Amino acid sequence: MKWIGRRQSENMEDRRGVSGGKVAVGGGIIGIIILLINLLGGENTQQLTPVLEQLKENQAVSSPAQELSQADREMGEFCATVLADTEDVWSKIFQENGLEYQKPKMVLFTDAVQTGCGSATAASGPFYCPADQKLYMDLAFFEELKTRFGAQGGDFAIAYVIAHEVGHHVQNLLGTSDKTHQQQQQKSEAQANKLSVALELQADFYAGVFTHYDQKYNQVLEAGDIEEALSAAQAVGDDAIQKRMQGQVVPDSFTHGTSQQRMKWFTRGFESGDMQQGNTFQELLNVSL
């Protein structure tokens with residue numbers, strides 16, 4: 001993907017290298033002030049507390065637990081560029097439909113993270129939290145995608161996943177997510193899973209729509225990029241994961257769709273760029289939301 005030298009989103013939180021997704025404070029000047037508060041007490045405590053809080057905020061922003069490597073910094077810049085592209089594309093699509101696009105934030109983390117939807121670990125894979133409208137990504141996931149699940153890899157595999165999670169943000173803004181969850185509460189587990197599949201496949205479709213317009217506006221694609229996206233989509237199909245992890249496939253337990261479905265809906269979005277062709281609920285389940 002052609003990305004170097006292009007605009008990067010400001011809606012990024014890089015928490016990589018920070019244990020549990022939290023920034024440690026204490027020590028240094030803050031440790032000295034805490035000691036002074038303990039020693040002085042009384043009115044001096046009230047005078048020093050605002051200073052302490054300000055220093056905590058400054059240190060929380062500027063002091064990661066460990067230095068990132070050059071490769072890690074470049075990966076962060078790549079993710080920020082892809083996020084910027086999603087902002088531009090979806091802002092234009094929403095504007096053309098008389099709507100205003102609210103930009104999500106993306107959080108890069110290592111191992112574990114605190115979110116508006118509760119705590120999560122890298123084992124969850126990349127995800128979107130509607131409660132705080134943020135995408136959460138542990139970039140180690142993509143190495144596992146190659147080594148454990150056989151994906152091709154490459155930078156556009158990452159772009160596809162970011163675009164998929166932004167697709168969930170689009171569903172949140174359009175009210176699709178809430179309607180789906182309301183429907184799920186009235187259904188059996190198997191039927192609720194089918195609604196989940198429709199939701200996920202629509203996010204894949206939106207990832208394709210984004211790619212269509214990103215290429216149209218910015219000419220970002222290089223040879224092999226679409227193949228990288230399709231390889232990632234294939235690797236994270238429910239059937240592929242179940243076969244690799246447990247040796248058998250249980251369709252009623254699918255929540256994201258088969259490899260073939262995920263590739264199909266991404267491709268439809270990419271080739272058409274037409275939002276009207278992405279009603280997975282109607283096409284798969286004959287359900288109107």
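1. The structure holds eleven salt bridges. The model is a predicted one.

2. One of the salt bridges joins Asp85 to Arg6, with 2.6 Å between the closest N and O atoms. The two residues come from distant parts of the chain: Asp85 lies in helix H3, Arg6 lies in the segment before strand E1 (12-15), and 79 residues separate them. Is Asp85 buried or exposed? Asp85 counts as buried, because its relative accessibility is 3% and the cut-off for buried is under 20%. Arg6, with a relative accessible area of 24%, is partly exposed.

3. Arg7 and Asp88 also meet through their side chains in a salt bridge, at 2.9 Å from N to O. This pair too links distant parts of the chain, with Arg7 in the segment before E1 and Asp88 in helix H3, 81 residues apart. Arg7 counts as partly exposed at 40% relative accessibility, and Asp88 counts as partly exposed at 41%.

4. Arg73 is placed in helix H3. Its salt bridge is with Glu67, and the closest N and O atoms are 3.6 Å apart. Arg73 is partly exposed, at 34% relative accessibility, whereas Glu67 is exposed, at 66% relative accessible area. Which residues does Arg73 contact, leaving aside its neighbours within four places in sequence? They are Arg16, Glu67 and Leu68. Between Arg73 and Asp14 the C-alpha to C-alpha distance is 9.7 Å, while in sequence the two are 59 residues apart.

5. On packing, the axes of helix H3 (residues 70-96) and helix H7 (residues 189-218) come within 10 Å of each other and cross at roughly 95°. H3 is therefore roughly perpendicular to H7, as angles of 65 to 115 degrees count as roughly perpendicular. From H3, the contact is made by Val82, Asp85, Thr86, Val89, Trp90, Lys92 and Ile93. From H7, it is made by Tyr206, Val209, Phe210, Tyr213, Asp214, Tyr217 and Asn218. Sorted by class, the contact of H3 with H7 has nine nonpolar, two polar and three charged residues. Asp85, named in point 2 for its salt bridge with Arg6, is among the H3 residues of this contact.

6. Helix H5 (residues 155-174) also packs against H3: the two axes come within 10 Å and cross at roughly 40°.

7. The H3 side of the contact with H5 consists of Met75, Phe78, Cys79, Val82, Leu83, Thr86, Trp90 and Phe94. These meet Asp155, Ile158, Ala159, Ile162, Val166, Val170, Leu173 and Leu174 in H5. By class, the residues of the contact of H3 with H5 divide into 14 nonpolar, one polar and one charged. Val82, Thr86 and Trp90 of H3 are in the contact with H5 and also in the contact with H7.

Methods:
Residues are numbered from 1 along each chain as its sequence is written. This is a predicted model: local features need pLDDT of at least 70, side-chain atom pairs count only at pLDDT 80 or more; totals for chains, interfaces and linings use all residues. Side-chain values use heavy atoms; hydrogens and water are left out. Axes are lines fitted to C-alpha atoms, for helices over the stretch in contact, and angles run from 0 to 180 degrees between N-to-C directions. Helices (H or I, at least four residues) and strands (E, at least two) are DSSP runs, numbered from the N terminus. Angles under 35 degrees count as roughly parallel, over 145 as roughly antiparallel, 65 to 115 as roughly perpendicular and the rest as oblique. Contact means heavy atoms within 4.5 Å. Ala, Val, Leu, Ile, Met, Phe, Trp, Tyr, Cys and Pro count as nonpolar, Asp, Glu, Lys and Arg as charged, and the others, Gly among them, as polar. A salt bridge is a side-chain nitrogen of Lys or Arg within 4 Å of a carboxyl oxygen of Asp or Glu. Buried means under 20% relative accessible area, exposed over 50%, partly exposed in between (1.4 Å probe, protein chains only).
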